[in-house]
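Subject: Structure handover

Hello,

Here is the structure for you to look over. My notes come after it.

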Amino acid sequence: MLNGPTDKPFFWSDLLAFVEFKMTAKKAAKSSASESKQSDALSASELTSSGVAPAVVSTSSAIASTSSSTSLTVNQPPRFSTSGNSGSSQKRPREDVPETPKKRRKGDKSPPKAVRVQCASYALEMLSHGGLRTHVISALVTDTELVLLFYDRSLPVESKHVDFFKEPASLVAFIYCLHHATPSQWGRVSNITLGLDPLSTPDTHKVLAVSSPPLLSASQAEPDETQKLKPHPLRGAILTLNNGTKLLLTELVFVQHALIGRGTCVVRAKVFGNSLEDWKDKSIVVKFSFTPKTRVPEGNILAEILSIANGHSKMKAGDTTANGDIMDDTDTMKDHEKPNHAWVIDHLPDVLHYEALELTDDDVQSRLSKHLESKEIYEDRVLQILVMTELFSITKLKTSDELVPVIKDIFKCYRWLYEHAELIHRDISLNNLMYREVDGRICGVLSDYDLSLFFRKPKPGPSSKQRTGTRPYMAIELLLPTPTKHLYRHDLESLYYVIFVLVTRYDGGEPIKNPPLQDWFELPPESLRQVKLAFFQQVPPPFTSAFKSMRPLLMKMFMMFHDGYDAQLRCLLSPSMENDPKTTSVDHSQAILDPFLLETLGGNVDFDAFQRLLQQ
């Protein structure tokens, strides 16, 4: 929600799009001089001293807008935080705008960097907190020039610049498109009807009448009540699944604050109307995720894992079994000594339903993908929808006695996935380590398989144009400009970072004030890599009171990774490597390492070593 007048708050979901109006300082001064000769006319120097960017005077207008252009410019995503659960929707502070922008090349009509960041920040809020949207279409008007802006979860794009004084027909076309745009063209997801959707019918409003708590300012609510009372646009929305089931969306559990990426959103839900009776007694959540089309859907991955856990064969006719036999159409797993792995089901998400909402050829993204096909920079994405029983974050665990068994469960589950399902998770993060209660026992659960990969038959080429993993928890080697192959040892390193973040930044189930390791959540990859390298060469930050008893365990893990990276460095600096021909190859620091050393950092970091520490 945008912090505006307290009597007239609005939501990012209320906006169909935005138009940013700018006037260059030079023209602003001329306009002021022509209208009045008074001494208080604006000058460029006054604009600069008042804190406004020297290049522009700004006014924003949140109105509906859409159009299209065949002349497109692809921009790099702006560099601001793209992770976490931030709900801030305030306009970016002026400190983000450089006081003295770099001199621009003559004839360069592209918006200045500060303006791009400002516009992208609006799109960021609309994609993250404006309901479930596939994209945002907007416009930037600078003096008499119009440029259309497009943001989706793959990249930002801008159209050519049009002077609507010289080409008034373009402005007329633009306004015409505003009037005739459909909800899907605005970026609305077709099978979700928002309770407050300005495009819905009056009858829909009656059906979706859901009471929401009143909006309170910070001064009216207790600090611990602020988040509970915070409204969100998906509350009261109706989701219609492809099997006809209708779900009423209620409380927001998690939303990824990101412009580029999967845009994961998790919402609690209740069965609506006369839908499935089996679901009515369950606490369920719906996970929405815009995943690359090149990746195997999470629902399919979990179905395959469940099949393996239940003892069904993951092998197909023609495959070779562990004892060398060739599978044929009549073979089953029991013919080849299938073990019972049903125990792992307690540590996996319980998926009730999953489906994918693919784009049609007439969608904006499909047309853009075809336009940029030759450049190989656009990533087609599919909206994945999973309905699951609710899990709970391990951040809510308040003592070491509660946390340690959950970590053991998750490690045991991960090892089983790698050794028996032949799957590597590739996104071990704090948000993906969960728990549930099974027969009165807290049971650790490993969730979120969007980035997982069955390595038995890997697909050729990368599965995405984006780096895999959640940055604060990524292994050091995966933060390189050209990351190495993702190994299971990297996931163990991520698991260590997750535990360390939890025991130093949370106390009694709540985040502490002024927590350590904050730079892990703010730095770009290369800077974070340097910080993590230094992390293993210095004294770690203190643990919170709730988890002080875990310090011996974490320090042993600390030394395990320290010794592993130290062994890797000694190998790289070994005199025997000086004349190695591999050292002339690209990324020679990885090429000269023995595969066994690279896989386990010289035998220091592997499943057995990690498990021995957990058992202690």
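The notes below cover a sheet, a helix and the aromatic rings.

This is a predicted model: local features need pLDDT of at least 70, side-chain atom pairs count only at pLDDT 80 or more, and totals for chains, interfaces and linings use all residues. Residues are numbered from 1 along each chain as its sequence is written, and side-chain values use heavy atoms, leaving out hydrogens and water.

Sheet. Three strands form an open, antiparallel sheet in the order β15-β17-β18. Strands are DSSP E runs of at least two residues, and helices are H or I runs of at least four, numbered from the N terminus. Two strands pair if DSSP finds at least two bridges between them. β15 (392-393) and β18 (441-446) are the edges; each has a single partner strand, so one side of each lacks a neighbour in the sheet. β17 (residues 433-438) is joined to β18 by six bridges. E437 has I442 in β18 as its bridge partner.

Aromatics. Rings of Phe, Tyr and Trp (its six-membered ring) pair if their centres lie within 6.5 Å; planes under 30 degrees apart are stacked, over 60 edge-to-face, the rest tilted. The count is 25 pairs. Y418 and Y488 make a tilted one, at 4.9 Å and 55 degrees. That pair links helix α10 to helix α11 (residues 488-505), 70 residues apart. F535 and F536 pair edge-to-face, at 5.1 Å and 75 degrees. One aromatic cluster includes F535, F536, W520 and F543.

Best wishes
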